[in-house]
Amino acid sequence: MGPQGKSEYVAQMRDRYVRAKSRGEKGRLLTEAMTVTGFHRKALIRAWRRPERRERRRRPRGRARRYGPAVVRALKAIWQAAGYPWSVRLKALLPMWLPWARKRLALSSAMETQVRTISARQIDRVLAREKRQIRRRQYGRTKPGTLLKHHIPLKTDHWDVTEPGFTEVDLVSHSGDRADGDFLQSLDMTDIHTTWVETCAVMGKSQVRVQEGLEQLRQQLPFALRGIDSDNGSEFINAHLHGYCQALAIQFTRGRPYKKDDNAHVEQKNWTHVRKHMGYLRYDTEAARTAMNDVYADLRLLQNLFLPSVKLQSKERIGARLRRRYGAPRTPLDRVQACPQADRAKVAALVALRNRLDPFALAARIDRKLERVYALAASRGTTSIKAGGGVEAGAKTAPASTPLKIKTPPPSVTPFMARRNAVG
């Protein structure tokens, strides 16, 4: 008989021992218990005479929770308004957002201290449930260009620049469920050194319009444009853009065909800065282009001034694994400030703008503008919008929180609001 069996046997025999009326009967019970368990006679008497102990309520294992529901709600509100950055970036943006969150969320000094000191790992734990609910996909409609390929050199090595101005560019299609006729394209430009991003919408992808969009982005940069690296689409590989770069002394390179990793920086921004907000609907009117550029004007400020990003510093191979080490999260504006090549007047104006802008109000304004953009989307028949920005019957749609059957996008569905509904 094992220890647990002996304990159960002694507990059952205790009841018989207590109910026994004669001394002889108690003696026989003690002898039987000694034979079965091997315990000493006095040990059994002490155990049976001792008052029965009530079963204690066990304390939950592990450390007690440090962050209460109010702190978690405040952290979740900041996470949602910032566009759901991952924990390391969220930890880095908290000092910049907390002065505005103090007013909006009525944070006490103790709650603010807890939000400020929470670690990135703990952020992952408290927001793990919500993070599992965000999933998206991305599609493109560019075709390879055949003109001037031998005049535009391939760039196959990794970017290793120490000054701003060397960028990657790409187009993101807004064709919806069909590719006929003209429709809007988002021209995305990412600076390698500072992670600064500029975006604008153009109608179609003709040589002239792409070059005009590139010139618009060049004027907005807070530093000189020194180089662009594109894919092999005909919207970039053409004489018009090649001559434009030569006239302005802009280095023009291209990636290898069918190798998206050659333009990995801008491919990432195509999702975080374009597709995540505009979805997969079709936009093919000038009114939609104007409304989309109005959104990009505010997204430019939110992404570059208020949202930190991380940069890869080194890679180390350990056996079959590759260990990547990243630098501390910093906003693109902070990186631009540290560059002596930046335009000081533009940088000073952007810093002053950041000091007086409320990021929560900016995020809410982006939501309202995105409602107008969705209302201008074109449709053919009925489009199904599902949760998670999925694809129904071949139709690429904008994010939504519940399945709806609609002919045009609902004005109440915006990327920020849809994700709030999904995690709420």
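**Figure 1. Contacts of Asn-293 in a predicted model.** Asn-293 touches Cys-200 and Ala-201, leaving aside residues up to four places away in sequence. The structure is a predicted model. Asn-293 sits in helix H12, which spans residues 286-306. Its relative accessibility is 19%. Asn-293 therefore counts as buried, since the cut-off is under 20%.

**Figure 2. The whole protein, for orientation.** The protein has 16 helices and 11 strands. Of its 424 residues, 46% are buried. The accessible surface comes to about 23,000 Å². Carbon and sulfur atoms account for 50% of that surface. Consider contacts between residues at least 6 apart in sequence: 69% of them join residues at least 24 apart.

**Figure 3. A positive surface patch.** Six residues form this patch: Arg-23, Arg-41, Lys-42, Arg-46, Arg-49 and Arg-50. Helix H3, residues 41-49, gives the most to the patch. Its share is four residues.

Figure 4. Most residues other than glycine have a negative phi. Phi of Thr-195 is near 65 degrees, a positive value. Thr-195 is not a glycine. The residue is found in the loop between strand E2 (184-191) and strand E3 (197-203). Its relative accessible area is 11%, so Thr-195 is buried.

**Figure 5. Ala-249, an exposed loop residue with positive phi.** Ala-249 also has a positive phi, of about 55 degrees, without being a glycine. The loop here runs between helix H10 (239-247) and strand E5 (251-254). Ala-249 has a relative accessible area of 67% and is therefore exposed. Thr-195, by contrast, is buried.

**Figure 6. The salt bridge of Arg-178 and Asp-177.** Side chains of opposite charge can pair when their charged atoms come close. Arg-178 and Asp-177 meet through their side chains in a salt bridge. The N to O distance is 3.8 Å, inside the 4 Å cut-off. Arg-178 is buried, with a relative accessible area of 15%. Asp-177 is partly exposed, at 36%.

**Figure 7. The salt bridge of Asp-284 and Arg-282.** The side chains of Asp-284 and Arg-282 form a salt bridge at 3.0 Å, N to O. Asp-284 has 24% relative accessibility and counts as partly exposed. Arg-282 is buried, with a relative accessible area of 4%.

**Figure 8. The salt bridge of Glu-316 and Arg-325.** Glu-316 pairs with Arg-325 in a salt bridge. The closest N and O atoms are 3.6 Å apart. Glu-316 counts as partly exposed, at 37% relative accessibility. Arg-325 is partly exposed too, at 40%.

**Figure 9. A network of salt bridges.** Five residues are linked in this network: Asp-294, Asp-298, Arg-365, Lys-369 and Arg-372. Asp-294 and Asp-298 fall within the residue range of helix H12, 286-306. Asn-293 has its place in that helix as well. A search of the whole structure finds 17 salt bridges.

Terms used
Residues numbered from 1 in each chain as written. Predicted model: local features only at pLDDT ≥ 70, side-chain atom pairs only at ≥ 80, totals over all residues. Heavy atoms only, no water. Patch = residues over 30% accessible without salt bridge, like charges linked within 9 Å, V, L, I, M, F, W, Y side chains within 5 Å. Areas by Shrake-Rupley, 256 points an atom, 1.4 Å probe, with all protein chains shown as cover. Lys, Arg positive; Asp, Glu negative; His and termini not counted. Charge placed at Lys NZ, Arg CZ, Asp CG, Glu CD. Helix = DSSP H or I, 4+ residues; strand = E, 2+ residues; numbered from the N terminus. Buried < 20%, exposed > 50% of the residue type's maximum accessible area, 1.4 Å probe, protein only. Contact = heavy atoms within 4.5 Å.
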